[in-house]
Amino acid sequence: MDKRNRLIAIGLIGIGFMMIFGRWIGFLSIVALILLLLGIYRTTSGKIKQGYTLLGIGAVMLLMDHFVLVLGVCLISLGMFFSKSRKLQHKSGFMQKQNFSSSFDWDHSPWMMQSLSAWHVLGEADLDLSLAMAEDKETILLFQGIFGDMDIHLAEDYGVEIDAFVLFGSIEFGNQRDTGMLNRLNWKSPNYDSSEYKVKFSVSYLMGDLDVRLP
C-alpha cells in the first residue's frame with residue numbers, strides 16, 4: 001500500500017509539473033522531469049545516493065533546457081537568503097558568503113565558531129560541535145541554497161536550536177529519518193535555556209540531506 005501511495009504521489013507531482021510548465025516542455029525537459037521524479041522515488045524508498053544522482057542529472061538537464069527558469073529560481077532563493085540573514089543575524093561582524101559551491105569540513109580538528117550566513121548552489125557541510133570554540137555566547141549559523149548535504153554532530157556543551165526545511169530529500173534526527181517532500185525539523189535541546197553557550201541553526205535547501213547526530 002505504501003508503494004502504491006508513493007507511485008500515486010509521484011504521478012500527481014508529474015501531472016502538476018506538466019500543467020505548470022507544459023508550455024515550455026520539450027523532449028529534453030520530459031526526460032529531465034522523469035529523472036527528477038525517479039530521483040524523488042529512489043530517495044523516498046531509502047536509496048539516497050542513487051536518488052540524489054538522478055536528481056542531479058535531471059537538474060542539470062533541466063538547466064540546459066531552461067536556463068532562464070533555473071536562474072530565476074536561484075535568484076529567488078538568493079533574495080530570500082538575504083532577507084532571512086538580515087532577520088536572524090542581530091549582531092554585526094558575522095560572516096556572509098555566497099558561492100556556487102561551498103564545503104565546510106569542521107569535523108576533523110578544533111575550529112573557531114562564529115555567526116555565519118552561507119548560500120550556495122551546491123554545498124556540503126560537516127560540523128562537529130564537540131570540536132567548536134565559540135567566539136560569542138550565542139552563535140547563529142544559516143545555511144541555505146539549492147543542493148545541500150549537511151551533517152551536524154551535537155555536543156552537550158552547547159544549547160542547540162534547529163530550524164530546518166528540505167523541499168526534496170531527507171532529514172535524519174537521531175534514529176528517525178524522514179524522506180520525500182516538504183521535510184521540516186524544529187527542535188530545541190533540553191539544556192538550551194540553561195546553557196551558557198547557545199547555537200542556532202537555520203537550514204533550508206530545495207534538494208538536500210540533513211543528518212543531525214545526538215551526543
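1. Arg177 is the residue to start from: at 32% relative accessibility it counts as partly exposed (buried means under 20% relative accessible area, exposed over 50%, partly exposed in between, with a 1.4 Å probe and protein chains only). The model is predicted, so local features need pLDDT of at least 70 and side-chain atom pairs count only at pLDDT 80 or more, while totals for chains, interfaces and linings use all residues. Residues are numbered from 1 along each chain as its sequence is written, and side-chain values use heavy atoms, with hydrogens and water left out.

2. The structure holds six salt bridges (a salt bridge is a side-chain nitrogen of Lys or Arg within 4 Å of a carboxyl oxygen of Asp or Glu). Glu172, Arg177, Asp209 and Asp211 are linked in a network of such bridges. Side chains of opposite charge can pair when their charged atoms come close.

3. Glu172 pairs with Arg177 in a salt bridge whose closest N and O atoms are 2.3 Å apart. Glu172 counts as partly exposed, at 24% relative accessibility.

4. Asp209 and Arg177 form a salt bridge through their side chains, at 3.2 Å from N to O. Because Asp209 lies in strand β8 (residues 198–213) and Arg177 in strand β7 (residues 176–188), this pair ties together parts that are 32 residues apart in sequence. Helices (H or I, at least four residues) and strands (E, at least two) are DSSP runs, numbered from the N terminus. Asp209 counts as buried, with a relative accessibility of 9%.

5. Asp211 also meets Arg177 in a salt bridge between side chains, at 3.4 Å from N to O. With Asp211 in strand β8 and Arg177 in strand β7, the pair ties together parts that are 34 residues apart in sequence. Asp211 has 12% relative accessibility and therefore counts as buried.

6. The side chains of Asp211 and Arg177 also make a polar contact, at 3.4 Å (a pair of N or O atoms within 3.5 Å; within protein, one must be able to donate a hydrogen and the other to accept it, and residues adjacent in sequence count only if both atoms are side-chain atoms).

7. Which residues is Asp211 in contact with, leaving aside its neighbours within four places in sequence? They are Met150, Asp151, Ile152, Glu172 and Arg177, where contact means heavy atoms within 4.5 Å.
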